[in-house]
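Subject: Structure handover

Hi,

Here is the structure for you to look over. My notes on it follow below.

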Amino acid sequence: MSYTWDDAAPKPDLHVSLAGKVLAGARIVLFLLWMVVVYASGLLVRLVEPLAFGAHRPITHRMIQGFFAVSMAIFGIRVRTEGTPMQTAGVVVANHSSWLDIFAIYARHRVYFVAKDDVAGWPVVGRLVRFSGALFINRSRRGSAAQIVDLRDRVLAGQRLNFFPEGTSSDGQRVLPFKPTLFAAFADPALRDITRVQPVTIVYTAPKGADPRFYAWWGQMTLGPHFIKVVSRLRQGEVKLIYHEPVAVADFADRKALAAHCEAVIRARFEAERAKAA
């Protein structure tokens with residue numbers, strides 16, 4: 001079942017000053033105009049793209065990547081990368097602390113997101129992720145078998161999938177335990193010997209003087225106010241994507257061992273980065 005992580009600590013203050021509201025308004029207008037341009041152009045591309053490329057969407061994905069890269073520039077948030085993003089079909093897994101994770105990953109890596117079905121209903125972001133060919137899943141037991149088939153078919157079609165094994169977002173100050181459920185699809189006999197998985201550590205640096213959890217969005221926090229708070233900041237922080245060495249599914253005894261490895265790699269680098277920043 002789906003769950004939402006939370007803790008007892010007070011959430012960051014989402015109050016925005018008048019100057020911040022003006023800046024946020026300007027950025028939101030630019031962001032929406034940019035979205036309309038990309039979305040309208042993408043609708044035209046989608047009329048012919050399936051005829052030429054089938055399940056692949058190379059033109060759409062380049063457009064979506066460009067959209068998210070420019071959006072992060074509009075917001076003023078720097079995206080840094082370390083390591084080499086995997087370019088072959090397979091799976092990319094990362095820790096999860098914010099809606100910004102989607103923007104950052106897409107800005108640097110062409111992937112197909114595997115997301116909870118409620119993401120499809122998010123304002124703006126949900127529409128764009130759906131437009132890019134994301135796979136939305138229901139985490140109930142009833143849907144798991146069919147969803148494993150969908151995941152398997154996507155990889156066999158040559159797609160590079162991305163999901164967040166924690167199953168929820170955190171406050172950006174920790175890595176939550178990974179859930180091995182979705183890894184089961186890649187232990188399928190049709191995929192086990194050909195699939196590689198790349199762990200990615202995502203680390204946020206808050207703007208100077210801001211709450212360290214500034215970019216994190218978790219628990220029952222409302223998306224709209226958090227979005228406005230983030231884009232209202234003149235001097236932003238940054239997000240760092242650390243791409244680790246891909247591993248072969250066949251090298252692990254089962255999905256639990258694979259999930260444990262990815263969690264350990266991501267957690268170790270996450271804690272090292274936090275220790276460096278302390």
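The backbone oxygen of Tyr215 lies 2.7 Å from a polar atom of the side chain of Ser98. I call that a polar contact (a pair of N or O atoms within 3.5 Å; within protein, one must be able to donate a hydrogen and the other to accept it, and residues adjacent in sequence count only if both atoms are side-chain atoms). Ser98 sits in the loop between strand E2 (90-94) and H3. Helices (H or I, at least four residues) and strands (E, at least two) are DSSP runs, numbered from the N terminus. Is Ser98 buried or exposed? Ser98 is buried, because its relative accessible area is 0%. Buried means under 20% relative accessible area, exposed over 50%, partly exposed in between (1.4 Å probe, protein chains only). Beyond its neighbours within four places in sequence, Ser98 is in contact with Ser169, Tyr204, Tyr215, Ala216, Trp217 and His226. Contact here means heavy atoms within 4.5 Å.

Before you go further: this is a predicted model, in which local features need pLDDT of at least 70, side-chain atom pairs count only at pLDDT 80 or more, and totals for chains, interfaces and linings use all residues. Residues are numbered from 1 along each chain as its sequence is written, and side-chain values use heavy atoms, with hydrogens and water left out.

Helix H6 next. H6 covers residues 223-231, and its buried residues are Leu223, His226, Phe227, Lys229, Val230 and Val231. Among the elements covering them are helix H1 (18-53), helix H2 (58-75) and helix H3 (100-108). The axes of H1 and H6 come within 8 Å and cross at roughly 105°. H1 is therefore roughly perpendicular to H6. Axes are lines fitted to C-alpha atoms, for helices over the stretch in contact, and angles run from 0 to 180 degrees between N-to-C directions. Angles under 35 degrees count as roughly parallel, over 145 as roughly antiparallel, 65 to 115 as roughly perpendicular and the rest as oblique. On the H1 side, Leu23, Ala24, Arg27, Ile28 and Phe31 meet Phe227, Ile228 and Val231 of H6.

H1 also holds Glu49. Glu49 counts as buried because its relative accessibility is 2%. Its side chain reaches the backbone nitrogen of Ile59 at 2.8 Å.

Now H2 and H3. They pack at an angle of about 120°, with axes 7 Å apart. H2 and H3 are therefore oblique to each other. The residues of H2 that meet H3 include His61, Ile64 and Phe68; their partners in H3 include Leu100, Phe103 and Ala107.

H7 (residues 255-277) has 23 residues and reaches 33 Å from its first C-alpha to its last. That is close to the 33 Å expected at 1.5 Å a residue (the expected span is 1.5 Å times one less than the number of residues). At the start of H7, a side-chain oxygen of Asp254 reaches to within 3.2 Å of the backbone nitrogen of Lys256. The buried residues of H7 include Leu258, Cys262, Ile266 and Phe270. What do the buried residues of H7 pack against? They pack against strand E1 (78-82), E2, strand E6 (196-205), strand E7 (238-243) and strand E8 (247-248).

Last, Leu161 in strand E5 (residues 160-163). Leu161 counts as buried, because its relative accessibility is 0%. Its C-alpha is separated by 6.6 Å from that of Val114, 47 residues apart along the chain.

Best wishes
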